[in-house]
Each structure stands twice: as structure tokens, then as C-alpha cells.
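Biologist: Can you walk me through this one? Keep it short, please.
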Amino acid sequence: MTFKLAASPHTHNRRTTQQVMRWVYLALIPGVLIQTYFFGFGVYVQILLALVTAWLSEAAVMHLRNRPVRHAWQDHTAIVTAVLLAIAIPALAPWWIIVIGTLFAIVVVKHIYGGVGQNLFNPAMAGYVLLLISFPVQLTSWPLPTELAQLPLPFADTLSIIFTGFTQAGHSLEQLRIGVDGITMATPLDSLRHDLSQSLTLSESLAKPIFGSLGGIGWAWVNVGFLLGGLILLKQRIISWHIPGGVLVGLLVPAAIYWLFNPDQAITPLLHALSGATMLGAFFIATDPVTAATSNKGRWVFGLLIGGLIFVIRTWGGYPDAVAFAVLLANMTVPVIDKYTQPIAYGHGGRP
Amino acid sequence: MSIATKEIEAGRIWDFPGGIHPPEHKHRSNQTPIAQLSLAETFVIPIKQHTGAPGDIIVAVGDHVVGGQPLTDAGLNNGLPVHAPTSGTITAIGPGRIAHPSGLPDTVITLTADGRDEQVTMPPITDFHERGRSELLDRIKQAGIAGLGGAGFPTAQKFALQRPLDYLIINGVECEPYITADDRLMREHAQTIIDGIEILLHLAGCQKAMLAIEANKPEAIAQFESLLPHHPAISLRVVPVKYPSGGEKQLIQLVTGRQVPSRGLPLDVGLVVQNVGTAYAVARAVLAGEPLIQRVVTVTGDHVERPGNYWVRIGTPVAELLHQCGFNPGPQQRVIMGGPMMGFTLPDLTVPVVKITNCILVPSYAELPPPAAEMNCIRCGACADVCPAQLLPQQLQWLAKAKDYDGLEKQNLFDCIECGACAFVCPSEIPLVHYYRKAKAEVRQLAREKMKSEVARERFEARQIRLEREKQERLERHRRAAEARKKAQAEAVAKGADDPQDAIQAAIARAKARKAAQAAAAAAKQSDDESNV
């Protein structure tokens, strides 16, 4: 009788990559629900489009690479990429925007580098930056939060505007974005950046109807939603606190100092924290393990770098938000960070 | 006394980085006392069961031996003897399957038992305090005692280097899931273990011993708590439950806060670590004169009807052990020697129990599922978080796959203790330890080849130098001979003999004259031919 040979260890805790990824996209749910509440069903349509594109393109690439398609689908990483990209773009953007972005993220950023685990750049953010640079108008045309919109947007009209560019009644996206005062409204960060550069004071800018008590209407709550999801991930030990902590410290500490010296012309730390993609970036995007630093010290440095870059770009850069650029720039530095933050191994003279 | 020593004395327990908490499954085998296994009919005794060279075989096929009789002696290689587990006849000496992950054969002695189980022992030494170190060390060596914790390092050898020691650490942690051999031994034979520790302290020439037990063994802890007040040199350290706190280096860090330098020994930081099983064996060898012919083995897992701990004679085939415990093999059965974290699977059951065998685990696939397909590393870093050696397992994995041996060296591959914590937590189910073992073997192989080629190069160069030297010597000899000849000639000429040089000159002159004559004749002939035209 012969017996089966196996390499030790013969036991394993049962948390697989698939389960890790499942936790990540399940933790996105609170944020996505809030985002849908404020920005309409377009969010779901974008997510669906992104998922279908991601699955099909991944299947095609795996087929070309002579690998089993099942293998790539099983790890659920494409789902995370697709959902992150879909919620990063405006809810009513034309359908081809998300399709191009997802195709680029999956085919070029992920699979051309060798598939899961091998990519240097965060696929969702690389896809987002490609779209932002190529189609700046579509990528900055966020719909108004529902409570500010002049026109209601039922589901049929949402589909119609994503696929044809017009509602069934013939309104274009631009018309939909006109607020109560008859002026096309920008996102809170965009509006702040514009106003501050026009030498308006912070309080004057905040008087605009897009701001509520907490921050930008809708945006603040969306950030709270992603913060909640992020805390769930921390609790479940899917992510460690080092990266999100680093991002928030790296963003908020310089922001607070700058604001203390310049209270009229600077965005408050609270606004920074609850605007744009801050929480989504800190807890869901920067924490992508593949493209982040690996040791805890390295993760901390990586997070600080992203937070600092977000502050710098938001304050002095050419774009209102900066999470995607900050993450990609930090991705490039990962090998260097890893090299200089290698922990001292046992018996090599480190302090016990 | 330094601050650190004060803290050690105060019983501080440090922490080591990383570690995991796998399901323990210890209750299954630790509920019943250690039972005596019935004698097998044949025993297979590998001659090498320890780290180091094997001893020389001193029996022959057909010899009748009694239990406790040495079958090998230390010999010229400074090996460790093995003993007959019972009385019987030597029926074969030759290659056989041994307990090693490679499954490669080694020399084994096969003994057919006669059933009478006659035993010999050495004279007991009860006044060990009065005896010299060398006598006691020799006894421990003659008893064939090697570290029973798993590494199998000859115990006497650990104490042979006379260096000042701060502490003797006795390892009763037993952090591997499933295994309870040391647990039961401590519960049932605490006094013998303490006697062994006293002997080891005497040998080590150090004042204090620390006995470390993991917190999940309250019965064993209670035993020692009641006995140790009579033994002021020995103090108890209860360490928290975490795998791999029983690893030698981790245990040292836990109870002293010190780290063994990379590629160094515990001796380098003034410590020696011994297993509780070894302390027990030492006590039996010294106080009762018994050589090491049996040990406690945990038999456990879903596929065995009577899990528990057994006194098993060394050399008992695993098949016999499992048979007596009610083994019901399932399809694709794994038989693991050791625990689920660091044990290795056996190719067949003719493999015998040896001095370092602490557990035979026969799990079902429900309790220890087979590994899923390996997926790509997602660099999640879970492995680095649990690595007790503070390595970056995912980096090591990339480098091992890429065969980047310099990179592996930089990432301190050889500081990996192969505890398996990284592979345990890996969400992509990468058999990380397997990659490291393979890479280590490759690096060692390369080093061996490099050494070989180095030796070959040195030999080649030495040969070149020798040839060159010989050539120079030959030329020198010739030169001297020529000089001597010339001198002799000159002396001869001076004495009036014919100068050989004259003869040479004369010969040259004759040859020149002949050539000239030939040339003249040829010229004359040519002019004749021309005139004839």
C-alpha cells in the first residue's frame, strides 16, 4: 500500500484570495448604496457595464494566454477592479467610457504585466487616469446630487442618457447638471479649487448650494460610507491599518498645518477627508496589496506618500482631486520603499 | 546584574514577532495515560538517528542480542550508538527505508525479536554530583541520547564545548498541533524530568535552569508547580499559546529576550536548550543505566481508533504501531511523521520509529483538507506578518522561483526555520516552505559544486606549479651538467689534452672545404652544359 506524499504544512487556514476579494467588494456596499442615493441608478449601470466588460475581456485574455479562464475568474480580483473603476467615474458618463477604462485596466494594466499579482500599477486607477486624460469633459461631468437636481431622473432615463446621451424627453447631460440657480454645478472640490484661485475666501465658496453642513452635499456621506466599509475591512483583518492610516495622516496633517496658517484660502482638513475619493482611496484603492509595499513599515511609508501627494496635487496641482495620480506615483516607488524598509531578520542584530 | 538579567530573573516573558494560532487538536490524544505498546516481531533500527556521522556496526547477521545492547559504537567518526530494542536475532544489515522526508534508503539493522525481551543495563550512577563531567557525558553518549525534540543533535556534544552558560532552558512547550507526547510525559514523570534537569545543570556547570511550558498544559504546569519548590535552581516559565513558540530560537527570545545570532548557536548567547524528553532520557540513562531504546509517541488523527500516547521501542515499524492503535486508512491516506505544521509524509509504513519521532498523524481529509491549487501571489503580506524570523516570505518566493540565489542570500533565506506559518496563512495557498527547502537545497548544492570546482582548480594550479618547477629544475640540472662538462674540458685542455673545440673546428673546416669543392664541381658542370648548347 502506498500513501500520499505532501509537503508540510499539512494544515491551512481557510481564507483564500477569493474570500479576501469578496470581503473587499462586499465592504464597498455601504458607500455604493449612499452614492446611488445621491447620484442615481447610473452607479449600478456603470458597475454592471464594468463587470461585464471585465469578465469578457479577462476571458479573452486568458484564452489568448492559453490559461484556464476559470482560474482568473475564481480569484475575484477583476470584480474589485471593475467595481472600483465604475464608482470612480461619473454616474451618467456615456457607456463607452467605462468600457474603455475597464478594457485598459484588465487587458493592459493587469494581464500584459502577467496577470494577478504581477502588475506594477493599480489597474482601476491606471484605467481612471487614462480616461481622465483622454476624456476630461466626460470624466468631470458629475451629475448633481438628487436633492439639488431640477429634473428627476427615473431609471429609464438613466439608461437612456448613458447609452444615447439624452433622456427620453430629450434633455442632455449638460442640461441635467444645471442647478436651481441656473448655473452648471461642479463637484465640491472643483468648485473650491476654482473659487480659491479666484481669491474668494473659503466661507464665500462654502456658501454655494452644493455644500451642506458636513461638506459637499452627497460627497461627504459617500465618504462616510466608504470609511464605514474600510473599518469593516480593518475589523476583518483584510487590510492592516498602516496604509489607510498613512494616507489620512499624510493628507490631513499637512492640510491642517496649511489651513492653520491660511484659514481663508485653504480647504479645511475635514473637507479634505470627506471630499472626492479620499476614503475610497485610503481604504480600498491604496490598500491593493499587489501594488503596495509589503512590510508594515513600508506600507506606512507608502500610505504617507500617497496622502502627501493628494494634498500637494489638490492644493497646487492642475486637477481638483488627486487620488488616482497619487496612487500611481506611489506605485512606482514601491520597489524602493520595499528595499529600504526590509525588516531586520531574527539574529541579525535587531532589537528584540 | 544587568537590567536584562534582572528581567529574566523576574520571570519576564518577551514576545517574538509573528506566529499563528492553528487549531490545536490536542485533547484527542492527551486524555489517557501513556500506554505500553506490545512488542513488534521485527524491528528496523537505522544506524543513524541523530545529526552527525553514524557509528560503526559491531554486530553481524545471525548474532543474538539482548535489549539495550549496543549495535553500533561511536567509532572513529564520533558517532552515536544505537541499541537493540529487545532481545532477538540480527536477521539483516543493509539499506532500508528510514524516517526522512527524502524517502531515500540508509543502512538499517533488522532484528527479529525472540519474545523473551531480555534486557541489559549499564550500572546506575546515583551520586552524579560526585562524578566528573567526562564520565557523565560518556554515559549519555553510550546511552545513545540525541535531542528528542526533533533535531536529534547528540546531547553530550551540546555540553562538550565548555563555555560559560547563563541558563539551561528546558523546552516543554510542544507547540505543534496534535502532539501531546511531552505533555503526557510531563504529567506522569515530572520528578524524573526534574532529576534529568539537575544532571544537565551539573553537566552544563551553570546555576539556573528555566523550564518553559505552553499555557495550554495546565496539568503539567500544576505538576511542576508542586515539585519545583524543592529545586531552587529550576524555575518555571509559562509561555503564551502561539505557534512556533517551541522553536529553539523563538523560545530563547520568549524567556530571555535574546536572539541567537544568524548562523550561530544558543551557546553564543550563553544558553543551551534541551527538550523535556531528553531530560527524561538523561535521567534514566544516568540514574538507572538504561540506554535510549524507547520513547513516547503520539498517535492521532481521524483514521486511528485509539488515539493516545504510547511507549514505543525505537525501531518499531510505523505499520505495527498504527495496527495496534486501530488504523483504518482512507483513500489517498496521508501518514505524517511529526505534526501538521512541520511533519513529513511517509511513502510507506515499513519506516521505523526513531529517536526523534514524536508523533504519527493519520488525518482524514475532513480535518486536514488537501491544499487547493496554487494561485499567484497577491503580495498581501500575510506571510510577513506571521513570520517569526521577520523575513519577507513573498519576496523569498519570487526569488526562489526566479532562482536568484544572491537575492535569496540578501533576504536571509537561511534564517528561515521552516515553521510553515507563512504557508498556513497564504490565501493563494502557495506551498512556500516547499519552495524555500528546494531553494536551500539548490544553494547548498551550488556551494558544494563551487567548493568542488575550487578544489579542482587548486589541484590544477598546484599541478601547473609542480610541472613548471620540475621543468625549471630539469633545466637547471642540464645547465649545471653542461657547465661541469665545459669545466672538465677546460681543465683537461689545460692539462694538455686535445681540446675538443679544436676537433669541432677541424670538422667544420672539413665540411666547409667539401661544400666548396662540390660547388666548384657543379659550376664546372653547368658551364660545360652551356657550351654544349
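Predicted model: local features only at pLDDT ≥ 70, side-chain atom pairs only at ≥ 80, totals over all residues.

Biologist: Okay. Which domains does chain A get?
Modeller: The assignment gives domain 1 (16-180) and domain 2 (186-341) in chain A.

Biologist: How many Å separate the centres of domain 1 and domain 2 of chain A?
Modeller: Their centres are 21 Å apart, taken over C-alpha atoms.

Biologist: And how many residues of each are in contact?
Modeller: In chain A, 33 residues of domain 1 are in contact with 28 residues of domain 2.

Biologist: Which helices supply the domain 1 side?
Modeller: Helix 1 (17-27), helix 2, helix 5 (77-88) and helix 7 (123-134) of chain A each supply at least two residues. Helix 2 of chain A gives the largest share, 8 residues.

Biologist: What about residue classes on that side?
Modeller: The side of domain 1 of chain A that touches domain 2 has 25 nonpolar, 7 polar and 1 charged residues.

Biologist: Back to helix 2 of chain A. How does it pack with helix 3?
Modeller: Helix 2 (residues 29-39) and helix 3 (residues 42-64) of chain A pack at an angle of about 125 degrees. Their axes are 8 Å apart.

Biologist: What do you call that kind of angle?
Modeller: Angles over 145 count as roughly antiparallel, and 65 to 115 as roughly perpendicular. Helix 2 and helix 3 of chain A are therefore oblique to each other.

Biologist: Which residues meet there?
Modeller: From helix 2, Val32(A), Gln35(A), Thr36(A) and Phe39(A). They meet Gly42(A), Val43(A) and Tyr44(A) in helix 3 of chain A. By class, the residues of this contact are 4 nonpolar, 3 polar and no charged.

Biologist: New topic: chain B. What's the strand order in the open sheet?
Modeller: The open sheet has 4 strands in the order 2-7-6-4, with antiparallel pairing. Strand 2 and strand 4 (64-65) of chain B are the edge strands, and each pairs on one side only.

Biologist: Is strand 2 of chain B buried or exposed?
Modeller: Of its 5 residues (42-46), 4 are buried, so strand 2 of chain B is largely enclosed by the rest of the structure.

Biologist: How many bridges join strand 2 to strand 7 in chain B?
Modeller: Strand 2 and strand 7 (residues 105-113) of chain B pair over 5 bridges, in the antiparallel sense. There, Phe43(B) stands opposite Leu111(B).

Biologist: And strand 6 with strand 7?
Modeller: Strand 6 (residues 88-97) and strand 7 of chain B pair over 9 bridges, antiparallel again. Ile93(B) has Ile109(B) in strand 7 as its bridge partner.

How values were computed. Residues numbered from 1 in each chain as written. Chains lettered and ligands numbered in written order. Axes fitted to C-alpha atoms, helices over the stretch in contact; angles between N-to-C directions. Parallel < 35°, antiparallel > 145°, perpendicular 65-115°, else oblique. Contact = placed C-beta atoms within 7 Å. Nonpolar A, V, L, I, M, F, W, Y, C, P; charged D, E, K, R; others polar. Domains from an automatic or database assignment. Buried ≥ 20, exposed ≤ 12 C-beta atoms within 10 Å, placed from the backbone. Pairing = 2+ DSSP bridges.
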